[in-house]
Amino acid sequence: MVNEMSAVANALFTINNTWMLIAAFLVFIMHLGFASLEAGLTQAKNTVNILFKNVSIVAIGILTYAICGFNLMYPGNFNGYFGFAGFGINAPDGAAGLIEYADGAYTYFTDFIFQAMFAATAATIVSGAVAERIKLNSFLVFSTFYVALIYPIAGSWKWGYGWLDQIGFHDFAGSTLVHSVGGWAALVGAYTLGPRLGKYGKNGRMKPILGHNMPLAAIGVFLLWFGWYGFNGGSVLSADPGALSLVFVTTTLAAAAGVIGAMLTSWGISNKPDLSMILNGSLAGLVGITAGADVISPMNSVVIGFIAGVLVVISVIQFDKLKIDDPVGAISVHLVCGIWGTLAVGIFSAEHSIGIQVLGVLSYGTFCFISANIIFRIVKLLMGLRVSEEEEILGLDMGEHDMESYAGFQIFSIE
Amino acid sequence: MVNEMSAVANALFTINNTWMLIAAFLVFIMHLGFASLEAGLTQAKNTVNILFKNVSIVAIGILTYAICGFNLMYPGNFNGYFGFAGFGINAPDGAAGLIEYADGAYTYFTDFIFQAMFAATAATIVSGAVAERIKLNSFLVFSTFYVALIYPIAGSWKWGYGWLDQIGFHDFAGSTLVHSVGGWAALVGAYTLGPRLGKYGKNGRMKPILGHNMPLAAIGVFLLWFGWYGFNGGSVLSADPGALSLVFVTTTLAAAAGVIGAMLTSWGISNKPDLSMILNGSLAGLVGITAGADVISPMNSVVIGFIAGVLVVISVIQFDKLKIDDPVGAISVHLVCGIWGTLAVGIFSAEHSIGIQVLGVLSYGTFCFISANIIFRIVKLLMGLRVSEEEEILGLDMGEHDMESYAGFQIFSIE
Amino acid sequence: MVNEMSAVANALFTINNTWMLIAAFLVFIMHLGFASLEAGLTQAKNTVNILFKNVSIVAIGILTYAICGFNLMYPGNFNGYFGFAGFGINAPDGAAGLIEYADGAYTYFTDFIFQAMFAATAATIVSGAVAERIKLNSFLVFSTFYVALIYPIAGSWKWGYGWLDQIGFHDFAGSTLVHSVGGWAALVGAYTLGPRLGKYGKNGRMKPILGHNMPLAAIGVFLLWFGWYGFNGGSVLSADPGALSLVFVTTTLAAAAGVIGAMLTSWGISNKPDLSMILNGSLAGLVGITAGADVISPMNSVVIGFIAGVLVVISVIQFDKLKIDDPVGAISVHLVCGIWGTLAVGIFSAEHSIGIQVLGVLSYGTFCFISANIIFRIVKLLMGLRVSEEEEILGLDMGEHDMESYAGFQIFSIE
């Protein structure tokens, strides 16, 4: 009898574990999504630089997570604010190192790899907001510290069973823990660097700096949406049919509604159907539903996604008025809609307190805003943050890398 | 004993449900495939417009499917021709809402999300055939009605257990129900709009209008082939090992044979190996096997795919002779090979009647042809269908969207 | 009782089989990765040709594997050097045709389709090294014979339970069986063809011929990394949680470390952060871990990947000094790091003999080197290998295909 039960449990364990690994490779491909979107929405002369940043940060994010991030984020029994379980990764019980949760089970290595794929995401979000003017070295150093230390410490407060988890803060897959954490650093980076040359003229007039490759941007968005099925779906932490299929539905409906929300808003404002706005609208919907994908009804996920799509358009316009130059709209998508999604859990789910959701948002905001400021300032002091005017005009591809992205193509500078 | 059996059943239910969700995200990424292929095979000046259409239609398709499509397509007990189970989606029994089939089981939400991913496909097929000249508004309105009403009503006849299902019509994954349904509307759209300016010169001479980005087209085709493992694989409606692995084999062999069929045919005709023909050849093979991927032997799937590859080349040439201008070959791929695949089931599978397959093809053809005509005519009457000559020459990107797809690149108009 | 146990076994069988099919579609998308990488790192005037080769070779590889490759590679009981189980594929026991292994089970068709996806890979590796100068016909004929005969015969020695398997040679997922087998033919092809015109000037000076589309190259690398989760993950031959999650971790860490190894090495040597080197660095890490992904610890996988990243940079430079012109670095990535990875199993795993690993490397090297030479020479004799100087200067797109890849874009030849 024991053997039979164990065979059944093993079958269920195997499917849960397999789903978590599938979720891991889906989150991995989001990094190609981020790279494509950022490259597509910026100028051709900075493309090599953007790709270099995005490939590097995936590698750095994964390795630092193995070195210290995982054990900072999941320190085990700790004071709820900061704990560290030691350097490196070690399966507690051989290769399998079974981890059990309420709804399922998977191995220690599965736990690590799924979380490691998440980790690099926060740094990648920053990349877009500081694009086309940050020094490569400085970005890599900032990102390394942010992803190795700040992201996992912040994460431990909720997902590591820290103090915010204890008081009932809800953030299913990271509207706050991933997207806002990245978004706050994006905001700090963008205003610390200042706008790109020529972006804001005299008298507050804004001059758009056009993205150079819209198919690439669209590829980016579709891959992000695709990968989000692992981002949100893996956050179920098992293949539980009811929970997983609900998450797929809420995630999809919010993304679709985000497209429509952004389309109607931007079409209404500018009288032209704006492709970059509907692309960001789908991401806005996805970020917006991420905190509550497990507890929001399908109908309410449409409402949350639609509002996120409206918000992202308004936010992009407002940040431009504030002369905070964010080439890809990362702050609006990840920070603004990350906050919205976190609050929406308190609004739409009867089981969660809006007050505690607000407390969570403020706590993460304070910690990340201060941390990002400190790291950016130290980096600025020691290495400088911004490329020279000559290099910015020439493009970072030739300046930093001595390499063109589209050798042979006739490309002119847009002035 | 009951508990043990239920644990086993739960494990099998979990894997079946997980596979169906995996199939859903694979079908989702086909929309990036469609967008990339259509953009790659058309002119650079219309790329923003094409991407906008494809992103919008995914959102519209999913949302309208949630509002009414799902309940039109699966109305439950109905007269076999038309039924409607009401607006919105509601899991019958809590979040899990178990759905059982002969070979497996999955949740209501899984059922919905997998079918919703299919729904938008039909409208996306139309997009390619009417590209580079249709007004954005008019396309969106047409597509909304076609995907919200015509596709699900037609689908109910077979997959909703309607009259064609009752008499034994076989269309495993939608050679007819998806591809021909889209293909008929593509045909109606293309002839209603008329050819692009300059496509057909005097004396019946045809002037090719070249696609602007062949890597993008190749990305599109590979992603469509990739996603087809979910399109056909998910249509097994479970992870049943024998059935699912057979479907993977027949799908793959037909796609490969389609490449070879199109290669030999086009190389023979034009004396030049034509990339766009082998790309369409693989899709032709995939569309061709879709109706019978579950009942065709591996060897016969090679034959069906090869013939589809031959057919698509001949068909593209013939439609050009008829001056029906289909920029991406969508009618040849989806309608012609969709019909071929449906008939092939009657030819190659002893268990199915060729007569009933013909009846199915004709019934869908009649219904879709008439419906598409009615909707296109009403849209034409109320909003107009075609952009102005000036806008067509300028490109729809600047005309409809005031936005370039490749800012900074030197692009000339091909005359 | 029998029924109960069989239901449990069926659930486990279903998840194992499903995972293997998922792995198959992941390996499939690697072909888009190869196509994108090769196209991105070469000149715009040869892009149609490269895409044509890559699409064709997938189709040819799959079909020849169905005709004879599968039964050459897995001949059943044979002399250990060469065996053939007959033409075509036939499930031994109906559609399901259960195949059982120590750790799992899947169907005959699943076995075939997973292995078929691997097969085309070897030929695709060659494609990159001979790019921009080989005649299309000649490449297709070479590849057909290499993938239909040489790859499966070589494979049978280890994976078909042949002589190298009997003496304990270890190559988990194909550092040697796939990557070196392709790499040897790449080496033979590159030196037989000679360098591209103008690549090596007088006095041994090397002139870089720049890739035309770095986002496309980055898409290729990310998709290859993504697909590698199926390439290595599927080689577990089941969804066994401990084994599969270890393979995910070692694969990921090696790829990340490869990026860092290549970054530091190339940055140190050239003083510029080189995007193409870190892209190849990740692939180097992946190829390096492929032989031992199942037996290497996470920490050692970082070491192996890092060394692979260093090696690939040095190797690319050395091959250029030898005037062996490999446009995409395929020989360095697949052959050099494939050898490294195979030897690393002997170095880092106490259970495996370095002597036998060396023997395996030498045996495959000898067989593939001689075979590739014979086939290339026969093809050269009968059809010629290299396009004319005029065609090479004009580009193979116009020369072989009469088709441009980027119609409308202003592209100049880089001289």
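Q: How many residues does each side give to the contact of chain B with chain A?
A: Two residues count as in contact if their C-beta atoms, placed from the backbone, lie within 7 Å. In this predicted model, the contact takes 56 residues from chain B and 49 residues from chain A. A word on reading the names: residues are numbered from 1 along each chain as its sequence is written, while chains are lettered from A and ligands numbered from 1 in the order in which they are written. Because the model is predicted, local features need pLDDT of at least 70 and side-chain atom pairs count only at pLDDT 80 or more, whereas totals for chains, interfaces and linings use all residues.

Q: Which elements of chain B supply the side that touches chain A?
A: Helices (H or I, at least four residues) and strands (E, at least two) are DSSP runs, numbered from the N terminus. Here α1, α2 (47-73), β2 (105-107), α3 (108-129) and α14 (396-401) of chain B each supply at least two residues. The largest share, 21 residues, comes from α1(B).

Q: How do the residues on that side of chain B divide by class?
A: Ala, Val, Leu, Ile, Met, Phe, Trp, Tyr, Cys and Pro count as nonpolar, Asp, Glu, Lys and Arg as charged, and the others, Gly among them, as polar. The side of chain B that touches chain A has 36 nonpolar, 16 polar and 4 charged residues.

Q: What about the side of chain B that touches chain C?
A: There, 49 residues of chain B meet 56 residues of chain C. On the chain B side, two or more residues each come from α1 (2-40), α7 (214-234), α8 (241-270), α9 (275-290) and α10 (298-321). α8(B) gives the most, with 15 residues. By class, this side has 39 nonpolar, 8 polar and 2 charged residues.

Q: Which rotation superposes chain B on chain C?
A: Copies are superposed by least squares on the C-alpha atoms of residues with pLDDT of at least 70 in both. For chain B on chain C, the rotation is 120° with 0.0 Å of shift along its axis, and the RMSD is 0.0 Å. The two copies are thus related as by a three-fold rotation axis. They use different surfaces, as 16% of the contact residues of chain B recur in chain C. Chain B is also superposed on chain A by a rotation of 120° with 0.0 Å of shift along its axis (RMSD 0.0 Å). Only 14% of the interface residues of chain B are also interface residues in chain A, so these copies meet through different surfaces.

Q: How do I read a helix pair, and what is the angle between α4 and α6 of chain B?
A: Two packed helices are described by the angle between their axes and the distance between the axes. Axes are lines fitted to C-alpha atoms, for helices over the stretch in contact, and angles run from 0 to 180 degrees between N-to-C directions. Helix α4 (residues 136-156) and helix α6 (residues 175-193) of chain B pack at about 130°, with their axes 10 Å apart. That makes α4(B) oblique to α6(B) (angles under 35 degrees count as roughly parallel, over 145 as roughly antiparallel, 65 to 115 as roughly perpendicular and the rest as oblique). B:Tyr146, B:Tyr151, B:Ala154 and B:Gly155 in α4(B) meet B:Leu177, B:Val181 and B:Ala185 in α6(B). These residues divide into 6 nonpolar, 1 polar and no charged.

Q: Where do α3 and α11 of chain C touch?
A: Their axes come within 8 Å and cross at roughly 140°, which makes α3(C) oblique to α11(C). C:Ile125, C:Gly128 and C:Ala129 of α3(C) make the contact with C:Ala330, C:Ile331 and C:His334 of α11(C). This contact has 4 nonpolar, 2 polar and no charged residues.

Q: What confidence does the predictor give the complex?
A: The complex has an ipTM of 0.97 and a pTM of 0.97. As for pLDDT, the predictor's confidence in each residue from 0 to 100, chain A has a mean of 93, and 94% of its residues reach 70 or more.
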